[in-house]
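Hi there,

Here is the structure I promised to pass on. Have a look at it first, and then read my notes below.

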Amino acid sequence: MKKLIRLTINGEEMEVAVAPNLTLTDLLRYELGLTGTKKGCDLGDCGACTVIMDGKAVNSCLVLAVQADGKSITTIEGVETGKGLHPLQQAFIDHGSIQCGFCTPGMILSAKSLLEKNPHPNEAEVRRALSGNLCRCTGYQKIVEAILDVGRAR
Ligand code: FES
Ligand code: FES
């Protein structure tokens, strides 16, 4: 039987009825049309499904939608600011940090979560924050450089 949950997604409060076995990834992608959240392994290994839940980067494939009841979620669709691209998005473009782009939303959300807690991270801290995000195109160096640049510009 479906359960009614209330949550905030990208600043918008909503109520949705969800099956008890529905993951947050599947709620976002297939029921709410927020396909920027990618589904890679569906096992908690790749980080492609990363979103921010109450300030913390989480693998949304490991979170049941019912566990998001009462939470605030940020997906890649909610990262852009009123003035345009988020500085992280612009830095990924400027540094050539995007190849196929599949890992990019998860990378940006992990980086955003890091910068909210630690605005000026060093390289080791950036790499640690991205340790759960895999890039099969292996573009890690450019991704790290982009995030470090955003931290330096703050
Ligand atoms: S799809 Fe969630 S960690 Fe890979
Ligand atoms: S850019 Fe292709 S997986 Fe990272």
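A polar contact is a pair of N or O atoms within 3.5 Å; within protein, one must be able to donate a hydrogen and the other to accept it, and residues adjacent in sequence count only if both atoms are side-chain atoms. This is a predicted model, where local features need pLDDT of at least 70, side-chain atom pairs count only at pLDDT 80 or more, and totals for chains, interfaces and linings use all residues. Residues are numbered from 1 along each chain as its sequence is written, and side-chain values use heavy atoms, leaving out hydrogens and water.

Let's start with Gln 89. A polar atom of its side chain lies 2.8 Å from the backbone nitrogen of His 86. Gln 89 has 13% relative accessibility, so it counts as buried (under 20% relative accessible area; exposed is over 50%, partly exposed in between, with a 1.4 Å probe and protein chains only).

Now for the charged pairs. The structure holds 8 salt bridges (a side-chain nitrogen of Lys or Arg within 4 Å of a carboxyl oxygen of Asp or Glu). One network of them links Asp 26, Lys 39 and Asp 42. In it, the closest N and O atoms are 2.9 Å apart for Lys 39 and Asp 26, and 3.7 Å apart for Lys 39 and Asp 42. Asp 26 is buried at 16%, whereas Lys 39 is partly exposed at 28%, and Asp 42 is partly exposed at 33%.

Another salt bridge joins Arg 152 and Asp 149 (3.0 Å, N to O). Arg 152 is exposed, with a relative accessible area of 61%.

Enjoy exploring!

Terms used. Chains lettered and ligands numbered in written order.
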